Every structure is written in structure tokens, then in C-alpha cells.
Amino acid sequence: MVNIIMSVDWEQIRKEYFPALELHTYIMAASASPLNKRAYDEGINYLNTMLNHGDMYYEKFKEDVNKNRETIAKYINCKPDEIAFVPNVSSGMNLVARMLDIAEIIYPSVEFPASVHIFKRLGFPSKKIMPTNNKYLIKNIQKATSANTKILIHSHVQSLTGYRQNLEKLGTFCKQNSLINIINATQSFGSFDIDIKKENIDILISNSLKWVGCGYGAAVLYINQNFFSEREIPFSGWLSVDDPFAMDNENVDIINHPQFMDTFGGCPNYGALLALKGSFDLIKERIGLGNIKKGIINIQERILWLTELFLKKMREFDLKIITPLEPEFRSGIITIEHENAEKIYDLFIKNNIFITLKRYPSAIKNTLLRFSFNYYNNEKDIDKVVKVLRSINI
Ligand SMILES: Cc1ncc(COP(=O)(O)O)c(C=O)c1O
């Protein structure tokens, strides 16, 4: 494990690809990472191509997007045509909710609203899973499950607390209880390993603004192809058919694979999708030395090392950390609860340190300071936080 970490020059990667880190102490990947230079170059190349040559190279854009689909498929261990690109998590969840028959859903009590919003609006009966010390253990999930429960919706990593679910145990539970297993991977995608098959995931969705760091506008939706043995893909358009350039308006004979739901069957948002490719190329080529899985594992180890270091350095202060601290449940997010969170946050801003200020949904006041470390962070970032906290005698 140590060898893997040693082989990646994280400081060089930070310097070469993340200009924002030269300007700011940036510890808020869970809100959004800064764009990396590879993603930026791909996006700019797309704009320049359109500027200088118009639509001459659209086939090349398509080819590149499909190459990236293959990379993502290798990362999460599925077939490329089981992946559709959509603009964000909410659009993906809309699509999924309309594909499923109305039935009871269960979800963690602090689940991010985008995971469940449309299910609730469409009238899916819903029940919350209540945690033990902010952990959604299988026993907690069991308690919320009844004979009526048919669907489980769960973030791999909880946005508020950073609790990382054990996807393998969750997948086994879903299989044993015949639940459709829907994972929102927004807070882990691109930074933690995911294996669709081993973890028995039926549907997975993630936006790529956060840990992948390619800006707004692209999300990845995986749907197990078995879903379409009896169903048709719910959203389609002229590009969802074989030979769309025949422009045959009689042809509504769609190809029944998730891939053909891309951008709801119409012209793709190439700018965002090519930036997404840039981010994955960076992970695969520079961090994984040619291997996407290795790149992800290296990032996972780096993040866990950074958060461990952060926690060690936080021990000198009297802080209430609401993130479950067992290694099994740890992610890139560490959340601290403090009654003076707003003042501390302001002081961070004055010192050019950017984290996320949050509150419990039912609270009036912001009491949560969320630190989220991605692979581009380093020990110096942590030391700057320590310096500020020392200055206020916390
Ligand atoms: C877990 C999670 N899901 C979804 C989103 C965002 O949803 P959308 O992509 O629909 O804007 C966020 C954060 O913004 C999030 O933390």
C-alpha cells in the first residue's frame, strides 16, 4: 500500500493540474472541486473546435465520450452500454423513478434531498432509516424494512456527516430482502472504489462536480441491463434508434440499453462530457499509471491518509466530530459541530481557507463545519486550519 502512494507525485499533480490551489486553501471537494487542467483543456479544445471549425469534428467528440464511458465502466465494473450520461443527479433520479412501479422506499434519515425528491413527489410511500451514532448499520436498515419495502435509496457517502456505507454488506442485505438497490455515489465517485457486481448495485448515479472535479453539467447513471429485459428505457429521442441519421420519423424502435438514454436521446452536452473525460484521463494516466482502478485506489488511500492526519491534528482542540471515525466508515468528509461555527467559518474565509458551512435541516443556525479533502490537498492545508483554530483558543 505504501509503495502505491509513494509512486504518485501528489505535489507535482497539485502544481501541474490545480491552479486554484495556488490561490486558495481549498478544503471543500464535497461542495465542488476546482476544475483540473486536464478537464479544462478538454473543455477548451471542444470550444475552440466549435469556434474554428464548426461541427466538423462531432464524430470525434462522440468517440471520445464513448472511450470515457469504457473507462468509467472499468472503474465500476459494468458494461459500457449500461451507462448513460445525464446532466445531474436530479435528472437521473427523475428518469429512474419513472421507470419503477410505485412501491415503498427506505432511505437514511439525513439522505441528500436529490436522492428522494422525485420519488416522494410521485407518491412512492417512504420511510426513513434511523441511525446509531450517525451510522446506518445493517441492523438499522433491517428495522426500517418491512414486507412492503421494495426499494432502498442510499448515498455511498453521506454529504452531511461523511458516513461511508459498506456497499458490500448493503448489497447482500438488498439481495436477501429482494430490494432494488439504488446508490447515490455523488460523494464518493472518482475517489473511492465501487464494484457494481460485488456490491450488488442495481442503479447508481453520481454527478461529477465534486470529487471528479470537472465542473457543472455531467452526471453518470448506471442501470443494470437486466432491468430492460422486461422494460423499455423510459426516455428516448431521435438518437436512441439504430441509424438515426436516416432521419426516419417513423422509426421509434429504440435500442433498449441505458446508453441510448444519453442526454434523453437528443444532442449531447459535449462540453461537460469532454471535461469529464479529461478528469478521468488524469486519474487513469497520471494517478493510476495507465490503470483506472489503480488510480481510484491510489486516490482512496491518499484521502484516507489526509483525513487521518487531519483528525490527529484536531486532537489538540476540544471539538465535537459528528463523522463516524471507524476506518470502515470513513470518507473524504469530516464534519465538526460547534455552536460558534459561523464565526469560525468567517475567520477561515478571512484567512483564505474555504470549507463548507452547514446546518441540520431543522435548525435555524449553522453549526456544522464540513471539511472535505480530495487528492490535491496536502499537509500544509491542514496546518493552515490548525493555525487559525489555535489563534482563537478553541
Ligand atoms: C449526495 C448528493 N447528491 C446530489 C447532489 C446534487 O444533485 P444534482 O446533481 O441534482 O444537483 C449533491 C450535492 O450537491 C449531493 O451531495
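## Domains

The protein splits into domain 1 (2-35 + 297-391) and domain 2 (41-282), with bounds taken from an automatic or database domain assignment. Their C-alpha centres are 27 Å apart. To the contact, domain 1 contributes 24 residues and domain 2 contributes 23 residues; two residues are in contact if their C-beta atoms, placed from the backbone, lie within 7 Å.

This is a predicted model: local features need pLDDT of at least 70, side-chain atom pairs count only at pLDDT 80 or more, and totals for chains, interfaces and linings use all residues. Residues are numbered from 1 along each chain as its sequence is written.

## Domain 1 side of the contact

On the side of domain 1 that touches domain 2, helix 11 (292-314) and strand 10 (333-337) each supply at least two residues. Helices (H or I, at least four residues) and strands (E, at least two) are DSSP runs, numbered from the N terminus. Helix 11 gives the most to this side, four residues. By class, the side has 14 nonpolar, seven polar and three charged residues. Ala, Val, Leu, Ile, Met, Phe, Trp, Tyr, Cys and Pro count as nonpolar, Asp, Glu, Lys and Arg as charged, and the others, Gly among them, as polar.

## Helices 10 and 11

Ile283, Lys284 and Ile287 of helix 10 meet Ile292, Gly295, Ile296, Asn298 and Ile299 of helix 11. The residues of this contact comprise five nonpolar, two polar and one charged.

## Ligand shell

Around the ligand are Asn88, Val89, Ser90, Phe112, Ala114, Ser155, Ser159, Asn184, Thr186, Gln187, Asn207 and Ala219, each with its C-beta atom, placed from the backbone, within 6 Å of the ligand. The shell has four nonpolar, eight polar and no charged residues.
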